[in-house]
Amino acid sequence: MSLDTTLINRQRMPVDDAAELWLFGYGSLIWKAGFAYLERRPAHIEGWARRFWQGSHDHRGTPEAPGRVATLIRQPGALCHGMAYRIAGDVLHGLDIREKNGYLRETTLMHFADGSHAEGLLYLATEDNAAFLGDAPLESMARQIAAAHGPSGANRDYLLNLATALEDLGAEDEHVAALAKRVQHIKA
Ligand code: BEZ
């Protein structure tokens with residue numbers, strides 16, 4: 001099941017092609033930008049927690065066997081570490097298509113390690129989108145991730161790349177670490 005959010009994103013938040021803006025990545029964007037950027041800086045956002053609750057029917061799974069990828073849920077007091085990219089507005093054309101399976105652009109305040117902050121965009125999949133899977137027991141999420149494959153590759157690689165990238169950033173994420181630990185023990 002999928003909902004193409006490409007047009008919705010363009011209509012509700014038009015951005016000039018020549019504008020410069022910050023984009024906060026908390027999933028695959030941390031280790032794989034795949035677009036041109038002007039600057040890249042580790043950052044975190046407050047009040048949000050990363051969860052593998054979004055279904056992936058088009059990248060890390062299929063409509064018959066969806067994978068699980070990251071989205072964010074509101075959680076007072078939580079910090080979500082990721083990567084901020086300063087980009088030109090026209091980069092959003094490609095990103096809107098790449099993240100079209102239920103992700104809407106939202107604005108956020110990003111905090112940098114030097115104490116400064118900036119407004120930025122992120123892609124968020126909320127529970128009302130058709131591809132949302134929500135919470136499940138850890139073992140069941142791990143088995144789904146270990147088994148799923150899609151046009152962008154194995155779902156397990158998405159999870160393990162994210163876990164490694166977060167470790168490299170020195171960022172703690174109990175949800176990602178617990179899933180990665182479990183998935184590593186499930187045969188590919
Ligand atoms: C991210 O890395 O921030 C991201 C990537 C795909 C969809 C949503 C978010």
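**Ligand, strands and helices**

Modeller: This is a predicted model. In it, a backbone N or O atom of Ser28 lies 3.2 Å from an oxygen atom of the ligand.

Biologist: Which residues surround the ligand?

Modeller: Ser28 is one of them, together with its neighbours in the list Gly25, Tyr26, Gly27 and Leu29. Polar backbone atoms of two of these also face ligand oxygen: Tyr26 at 2.7 Å and Leu29 at 2.8 Å.

Biologist: How many bridges pair β2 with β3?

Modeller: Strand β2 covers residues 39–56 and pairs with β3 in the antiparallel sense. Within β3, Tyr85 stands opposite Arg40. The number of bridges between β2 and β3 is 15.

Biologist: At what angle do the axes of α4 and α6 cross?

Modeller: Helix α4 spans residues 138–147 and helix α6 residues 174–184, and their axes come within 9 Å. The crossing is right-handed. The angle is roughly 65°.

Biologist: How many residues of the contact of α4 with α6 are nonpolar?

Modeller: On the α4 side the contact includes Leu138, Met141 and Ile145, and on the α6 side Leu179 and Val183. Of the residues in this contact, 1 is polar and 3 are charged. The nonpolar residues number 8.

Definitions and conventions: Residues numbered from 1 in each chain as written. Predicted model: local features only at pLDDT ≥ 70, side-chain atom pairs only at ≥ 80, totals over all residues. Heavy atoms only, no water. Pairing = 2+ DSSP bridges. Helix = DSSP H or I, 4+ residues; strand = E, 2+ residues; numbered from the N terminus. Axes fitted to C-alpha atoms, helices over the stretch in contact; angles between N-to-C directions. Left-handed = near helix turned anticlockwise from the far one by under 90°. Contact = heavy atoms within 4.5 Å. Nonpolar A, V, L, I, M, F, W, Y, C, P; charged D, E, K, R; others polar. Near = heavy atom within 4 Å. Polar contact = N/O pair within 3.5 Å; in protein donor to acceptor, adjacent residues only side chain to side chain.
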